[in-house]
Amino acid sequence: MASATNSSLSLMLLVAAAMASVASAQLSATFYDTSCPNALSTIKSVITAAVNSEARMGASLLRLHFHDCFVQASFTQPIGCDASVLLSGQEQNAGPNVGSLRGFSVIDNAKARVEAICNQTVSCADILAVAARDSVVALGGPSWTVLLGRRDSTTASEALANTDLPAPSSSLAELIGNFSRKGLDATDMVALSGAHTIGQAQCQNFRDRIYNETNIDSAFATQRQANCPRPTGSGDSNLAALDTTTPNAFDNAYYSNLLSNKGLLHSDQVLFNGGSADNTVRNFASNAAAFSSAFTTAMVKMGNISPLTGTQGQIRLSCSKVNS
């Protein structure tokens, strides 16, 4: 029975890999060179201005892209970066997203600016993928070539957002499994977790760690407790920087924090806790170039997870709703 199950799983992974390969082959870095040559520069100007105005917005836009790519729009459509997260309601109401996803107005602004020069040409999914890259660059991080040509979904799923997105309480095994199901390996997972070098988390997502876990620097825990009361329901939405060393700079300090047991979320510190990811964390902590290379590689892989292409889906006129 186990052999049959393993064979079925192997077949599913092969099919998923084949789908990703075919879809990514239809994406191109030059997709809009003729149809909308100023699309990327227009998006970049909007994103750079937004991040310069509020550094946290860079992390918010990166997270928005991640949450888009990790959720399957429906069982009849491919898994991938399809702007389903931008549709009002649905995925936005899921537990991992409600009250914490932000940046929608920035994407809407970028879409409006692009629509003004190229009507119904550039998808919201592509705008979000480019915005994630431009956000990282605006905060001093590495750049990468974003392949383009994604189309927008016509559906979204709150239920799948609740099951597909990694939880802040995830174990290392759960994280590895979650990313593996998307075609991302353990190194990709550790590298993408490095996005927590920027941004903030809500008290309700790290309360248990700072009060009940032992693999945490005591001074760090005390510092975090000052703005995160122990009683559930008290200060749940209070924010703390995921990286207290350089909270607004995209660098490798996140991994150095893990070496010192200063990971804010349980799902952060499990990356360095005597497990299989320890050596990767050590490498990224000591070698910024290695982290940058692994992160950009993983971002390209994640951005190419079986997107809608060709005549699938649509090019939305407004990112928050399907075309009428």
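UniProt positions are given here in the numbering of this structure, with shortened feature names, and such annotations may be inferred rather than shown by experiment. The model is predicted: local features need pLDDT of at least 70, side-chain atom pairs count only at pLDDT 80 or more, and totals for chains, interfaces and linings use all residues. Residues are numbered from 1 along each chain as its sequence is written, and side-chain values use heavy atoms, with hydrogens and water left out.

An unreviewed UniProt entry annotates Pro166 as "binding site". This proline is found in the loop between helix H6 (158–164) and helix H7 (172–180); helices are DSSP runs of H or I of at least four residues, strands are runs of E of at least two, and both are numbered from the N terminus. Pro166 is partly exposed because its relative accessible area is 22%, where buried means under 20%, exposed over 50%, and partly exposed in between (1.4 Å probe, protein chains only). Beyond its neighbours within four places in sequence, Pro166 is in contact (heavy atoms within 4.5 Å) with Phe66, Phe70, Leu175, Asn178 and Phe179.

The annotation "binding site", again from an unreviewed UniProt entry, also covers His196. His196 lies in the loop between helix H8 (186–193) and strand S1 (200–202). Its relative accessibility is 25%, so His196 counts as partly exposed. Apart from neighbours within four places in sequence, His196 is in contact with Leu242, Asp243, Tyr254, Leu265 and Asp268.

Glu54 lies in the loop between helix H2 (39–53) and helix H3 (56–69). With 28% relative accessibility, Glu54 counts as partly exposed. The C-alpha atoms of Glu54 and Asn248 are separated by 9.6 Å, although these residues are 194 residues apart along the chain.
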